[in-house]
Amino acid sequence: MNGLVIKNTGSWYTVRTDDGQTIESKIKGNFRLKDIRSTNPVAVGDRVKIILNNEGTAFISEIEDRKNYIIRRSSNLSKQSHIIAANLDQAMLIVTVNYPITTTIFIDRFLSTAEAYRVPVKIIFNKIDRYKREDKERLEKLSSLYSSIGYECMRMCAKTGEGLDALRLELKDKITLLSGHSGVGKSTIINQLIPGLNLKTAIISEYHNKGMHTTTFSEMIELPEKGYIIDTPGIKGFGVFDMEEAEISHYFPEIFNQSKNCRFNNCTHRHEPGCAVIQAVQDKAISESRYRSYLNILEDKDESKYREDF
C-alpha cells in the first residue's frame, strides 16, 4: 500500500494512503537511507510503501525516490543530518528583522542548502507592524539585497493579516515548507491561513529577544484554497550538511556568476590573486554579508556562530 507521510512525531509517522486512509506507522527494522546518515530516515512529504499489521497500524517498508528535500546538520550529532521535509514545490523562509532577530548567517545557510537540493525559496518578512525606524531601514536593505540576487521577498504582519492575501496566492496548489527561527510567527501565519486550526503560539522573551518552541513535530496541513503547508519546529541554527568545499560557491548565485572571471579555475575566493569574487566584494557588486556567510560555511566548525549578526 502506498501513501504520503503527513506527520512525524519522532517515533510514529502518520501516513495518508492513496485510497484516503490515515494510518499510524513505524519504520520497519533497521531502516537507513542510501548514503545518508540521518536522525530521521523518513520525513514529512515522503512517498512511502507501508505494510499493514493486525493492530491497525503499519510498518514503512520503502521510501520512493525524492525529487528534492531540505536537510541540515543535526544539532546534537554533527556527523548526522536531519531532513526537514521532502518533495517540495517551494520553501518559504519566515524571517523577522527584530522580535526576534533573524541573522544573515542563518538566512544564507538556509538559502544555500535550498540551492543545493533544488528547492525554490521565497523570503517572508513578518511582524512589520512592530518595526522601529532602524528596523525599517534594515528591512529595506535586506529586501533589496535578496531581491537583487533573485529571491522574491514579501512583507506581512500575521497578527493583523496584512499581506495574507498575497501569501495565499503564492501557496495555492503547492506543497510549501514554512521554516524559520522560533518566534518569527509561523504558527500565527498558519492560524490566519486556516481558521479554526488554533495552533499554539508563544510570546517572545523580551530579555533574550528569542522565540520559544511551540511546534514540537513536523506536519503537513491542507489549505482551504488547495495545496499544503509543512509546519516544522523552529530552528535555532542551520548547519549545512554534506557540502564539498569546491561546491559551496555554486549555491551563492552572485558569487558563482562572478567566479567565472577568476584567474584560477579552482579559486576558493579567500586569498587567491586575480579573484573576481574578492574584487566584486570590494566594488560592492557582492554584498559583504553574503561573502561573510560564504566564508562562514567554508569554516564551518561549531553551531554557536550561526546566530551571529552581520
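Asn126 is in contact (heavy atoms within 4.5 Å) with Ile94, Val95, Thr96, Tyr131, Met156, Cys157, Ala158, Val184, Gly185 and Ile189, leaving aside its neighbours within four places in sequence. This is a predicted model, in which local features need pLDDT of at least 70 and side-chain atom pairs count only at pLDDT 80 or more, while totals for chains, interfaces and linings use all residues. Residues are numbered from 1 along each chain as its sequence is written, and side-chain values use heavy atoms, with hydrogens and water left out.

- You will find Asn126 in the loop between strand 9 (121-125) and helix 2 (133-149); helices (H or I, at least four residues) and strands (E, at least two) are DSSP runs, numbered from the N terminus.
- Asn126 has a relative accessible area of 1%, so it is buried (under 20% relative accessible area, with exposed over 50% and partly exposed in between, using a 1.4 Å probe and protein chains only).
- Gly185 belongs to the loop between strand 11 (175-179) and helix 4 (186-193).
- Gly185 is buried because its relative accessible area is 12%.
- Not counting residues up to four places away in sequence, Gly185 touches Asn126, Lys127 and Ala158.
- From C-alpha to C-alpha, Gly185 and Ile94 are 7.6 Å apart in space, with 91 residues separating them in sequence.

- Strand 2 (residues 13-17) pairs with strand 3 (residues 22-27) in the antiparallel sense over 4 bridges; two strands pair if DSSP finds at least two bridges between them.
- Opposite Val15 stands Ile23 in strand 3.
- The hairpin of strand 2 and strand 3 has 4 residues between the strands, and Gly20 there takes a positive phi near 95 degrees.
- Strand 3 and strand 5 (residues 58-63) run parallel, joined by 3 bridges.
- Lys26 has Phe59 as its bridge partner in strand 5.

**Helix 1 against helix 7**

- Helix 1 (residues 104-116) packs against helix 7 (residues 288-298) at an angle of about 70 degrees, their axes 9 Å apart; axes are lines fitted to C-alpha atoms, for helices over the stretch in contact, and angles run from 0 to 180 degrees between N-to-C directions.
- Helix 1 is therefore roughly perpendicular to helix 7 (65 to 115 degrees, with under 35 roughly parallel, over 145 roughly antiparallel and the rest oblique).
- On the helix 1 side, Thr104, Ile105, Asp108, Arg109, Leu111 and Ser112 meet Ser289, Arg290, Ser293, Asn296 and Ile297 in helix 7.
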